[in-house]
Amino acid sequence: MKYRNIIRRRQRKILFILLFLSSFSLAQWFPWWIGVENLSVAAKTATEVTQNSINPKSLVQQAREAYQAGEPSTAVTLLQQAAQAFAVQGELVAQAQALAQANNIQGQLYLAQGQPQLALENFSEAAATYAKIEDTTGVIKSRINQAEALRGTGQYRRALEILEQLYKKNLKDQPDSLLKVIALRSLGISKRLVGNNLDDALKVTEQSLAVAKVLQSPQNIGAAHLVLGNINRDQSKKAFARGKISIAKDLNSSDEETAQKIDVQDLDYQDLTLSALEHYQTATDTATIPNTKIEAQLNRINLLVVTERFLTDGEEDSINQISPDFKTKINDNFADIPQILRVIQEEINQLPPSQAVTNSRINWVITVMKLEQWANFSYQELTDELVEIVAQAKSFNDTRNESYALGQLGYLYQQEEQLEQAQDYTRRALILAQTNNNLDIAYRWQWQLGQILKAQGKNDQAITAYNAAVNTLESIRSDIVSINPDLQFSFQESVELVYREFMDLLLASTDTQPTTDNLTPIQTLGTSTSPNTQNLEKARNLIESLQQAELVNFFRENCLNASPIQIEEVDPTAAVIYPIVLEDRLEVIVSLPNTPLSHYVVSLPRTEVEQTFAQLRQSIAIQGDRSPVAEVRIREGREIAPPNYLELAKKVYDWLIRPNEQDLAASEIKTLVFVLDAPLLNLPMAVLNDGEQFLIEKYAIALTPGLQLLDPKPITRGELTALKAGLSEGRDNFSPLPNVEYELTEINAKIPGNFIFNEEFTIAAIKEAIESAPFPVVHLATHGQFSSDPAQTFILTWDQRLTIDQLRETLRGREEGNQNPIELLVLSACETATGDKRAALGLAGIAVRAGARSTLATLWQVDDQSTAQLMIDFYQELKDTKLSKAQALQHAQVKIIQEGKHPSFWAPFILVGNWL
């Protein structure tokens with residue numbers, strides 16, 4: 001328990017450092033708006049200027065100096081006064097320019113205060129004003145600002161579209177300029193936030209850096225290195241998620257041509273982490289704007305702390321892949337962090353008060369709090385600093401930072417177990433956030449309040465607080481990844497943790513009766529309005545909502561349409577099983593048609609449960625490609641899984657199925673539908689075994705991200721038609737699939753429709769075929785990969801890799817033509833990415849993104865002869881109008897089992913989505 005508490009505290013510390021790393025550097029992007037990059041600092045207040053000068057040009061100059069001095073509000077007032085003076089003198093163009101500049105600075109103020117929509121309105125007004133006086137440069141600058149505001153509202157793709165259009169139309173062919181530098185950097189930031197191709201973001205930002213060097217602009221050189229560091233940091237996290245820990249191949253190759261061909265996505269966690277650290281250090285050394293330097297230093301410290309923690313507490317297999325040189329570099333740099341933080345503190349304290357400085361101060365506090373034992377900074381020192389930040393934020397009417405500081409004070413008192421004070425400060429922070437509609441931080445204080453109330457034993461009030469946090473998250477689901485770009489990669493430590501802690505609290509409040517074998521059956525709850533019944537329903541809804549939130553995070557946009565559905569409305573012969581992995585137990589909720597929910601518990605640590613799942617997956621999965629060579633290896637026993645797979649399959653069966661065996665039989669259930677928690681996503685449920693039979697021999701099986709995402713319509717019967725397409729030849733470094741031709745030919749003989757093969761199997765040909773005929777089934781027999789990274793989730797065609805987004809674009813014409821949706825998308829020969837624990841998220845992503853009601857795919861590569869036979873049998877069974885898709889797959893899998901085949905041949909085939 002003590003160890004889990006330490007981990008939990010570390011997760012919380014990680015969360016709060018991430019809140020600000022991209023939110024406090026607005027001032028560094030915009031000095032060029034009113035030409036202040038090289039101005040001296042000699043600002044006067046608006047009152048002084050009014051008294052001493054009525055020259056509008058002088059007012060503009062004073063506005064520039066005020067802006068440079070960190071007084072944007074004064075600059076706005078001065079520019080508005082200048083506009084009035086210009087109007088009196090009849091200088092209408094100058095008046096418009098002053099008003100547009102005032103709008104731009106006011107927009108920046110709104111951005112700093114966390115009000116991007118108001119900022120967008122000001123930037124739009126500035127753009128319109130510049131357009132009236134035909135000031136093209138002003139329009140471009142205002143449009144770049146609009147993109148910044150759109151990013152603040154989470155509209156990353158719209159921001160990206162604006163910047164791409166601006167660059168292509170107005171800047172690409174223009175001579176090098178600071179405007180081009182900033183536009184390219186802003187474009188790189190937007191590409192980073194969209195997140196689907198960080199390689200593109202890197203290239204664009206490197207262009208910005210190159211131009212900045214030509215123009216010898218230290219300010220923009222430092223800013224570019226900061227963005228490059230952020231991109232490399234994101235890439236390192238993606239590499240880590242994909243299991244690319246060890247040193248990338250060919251990096252040290254003497255073959256220069258080979259080295260140049262290495263894609264950024266081929267680099268590993270170590271290379272990218274070191275590259276990010278180098279960029280942050282360069283930004284620190286070259287930046288001329290203090291906030292850029294401070295942000296780079298804090299980002300560097302954050303990355304070092306996270307990396308050092310991995311080296312200390314990470315999984316043994318992953319740590320063993322780390323090179324000694326990498327460990328030495330991290331440890332050497334990590335040792336200096338307390339001293340560096342002291343220096344940063346002194347640098348911040350020397351800056352004149354401003355909203356940007358307030359941001360820097362609170363970021364500094366959060367960074368310190370992320371360190372073990374707070375890096376020798378005392379509790380009182382941090383408390384005093386936060387109290388000062390609250391006062392400073394109030395002086396600027398900066399309610400967002402005031403809320404942050406108050407919430408952090410609550411967190412400090414929470415860590416010191418001074419819960420009454422913690423509750424008071426957290427409530428004050430929450431009121432401020434809600435008053436100003438800052439829902440992205442309101443949910444954090446609702447969450448923190450729930451933790452505090454739970455620690456006080458006030459479970460009912462804690463449930464109310466957690467419920468409010470989840471409701472807030474649901475209301476901003478489309479913006480979950482826009483709250484902060486780092487949430488794209490800290491989802492498990494932030495958004496997901498809210499759901500899990502809430503489920504833990506709800507399910508722990510039910511009545512339990514201990515039994516043997518680590519199983520604690522929970523009484524089947526009635527339909528009354530008792531708290532237990534309500535809590536169980538809430539927990540079931542939470543796991544579905546969490547699945548949807550994960551997909552939103554995966555896509556970087558809200559593309560889900562959900563509606564509540566009861567299981568009996570879908571299939572009266574199906575049961576839905578919800579395994580939920582918590583820190584100290586595995587909870588299982590079972591939904592049977594026309595029956596109250598049932599619930600039981602496996603009291604085991606999360607680590608043991610997850611290890612069992614991983615061992616079972618590893619024991620039945622065979623690595624390698626679908627080829628005759630693979631089958632020879634299998635037959636010779638060189639890749640047969642160890643014999644303990646059956647023991648593990650029985651254990652997981654006992655956890656997930658056995659407590660409900662009688663109820664399943666009594667309800668005459670034919671199909672089991674699993675809404676799988678993340679640790680189970682890569683494990684096929686078909687392999688579970690009761691000691692005599694595999695689960696697939698007893699029930700048809702399907703997976704779904706949740707009933708709310710289901711289109712509950714059975715497959716259209718009648719003559720079944722399909723588009724059959726595939727690739728048997730080796731392409732893009734993938735091995736040949738010689739049995740694909742046999743697979744497609746046999747299916748084509750049974751199911752009419754189009755046939756596309758090898759060099760004809762292009763994206764254009766697929767799109768044309770799908771648009772030309774309403775095939776209910778699309779069957780693609782080719783290499784493919786599912787990953788937790790959308791950019792690494794793809795299907796291989798003859799000419800290129802078809803990504804999730806491209807697949808969506810390819811299928812969009814069908815939707816626009818109002819044709820019937822695809823009933824079934826079959827991805828034969830695809831697999832989950834090796835080493836990626838959440839890779840099956842990519843499979844769920846393809847299933848949702850393709851717009852198909854169902855997707856049939858494999859979790860790992862199977863020799864293509866067996867795959868061909870299973871697919872042929874599946875379509876033969878599917879022609880039986882009495883069978884559902886899940887039952888047709890079940891019959892095909894059972895046929896292979898009856899042939900005595902190892903589970904690796906039949907278990908990885910899974911049906912996602914509508915099973916009818």
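Which residues touch the most other members of the largest nonpolar core? In this predicted model, local features need pLDDT of at least 70 and side-chain atom pairs count only at pLDDT 80 or more, while totals for chains, interfaces and linings use all residues. Residues are numbered from 1 along each chain as its sequence is written, and side-chain values use heavy atoms, with hydrogens and water left out.

**Nonpolar cores**
- Leu341, Ile657, Leu672 and Phe674 touch the most other members among the 212 residues of the largest nonpolar core, a core being a set of buried (under 20% relative accessible area, 1.4 Å probe, protein chains only) Ala, Val, Leu, Ile, Met, Phe, Trp, Tyr and Cys residues joined through side-chain atoms within 4.5 Å.
- Apart from it lies another core, of 37 residues, which include Ile144, Leu166, Ile189 and Ile231.
- Setting aside neighbours within four places in sequence, Ile657 is in contact (heavy atoms within 4.5 Å) with Ile577, Tyr600, Leu664, Leu672, Phe674, Leu688 and Leu695.

**Helix α33**
- Val740, Glu743, Leu744 and Ile747 are buried in helix α33, which covers residues 740-750, where helices (H or I, at least four residues) and strands (E, at least two) are DSSP runs numbered from the N terminus.
- Seen down the axis of α33, these buried residues fall within an arc of 90 degrees, so they line one face of the helix, the arc being that of the directions from the helix axis to the C-beta atoms.
- The buried residues of α33 pack against β7 (722-726), β8 (755-757), β9 (777-786), β12 (824-832) and α37 (864-878).

Technical notes
Buried < 20%, exposed > 50% of the residue type's maximum accessible area, 1.4 Å probe, protein only.
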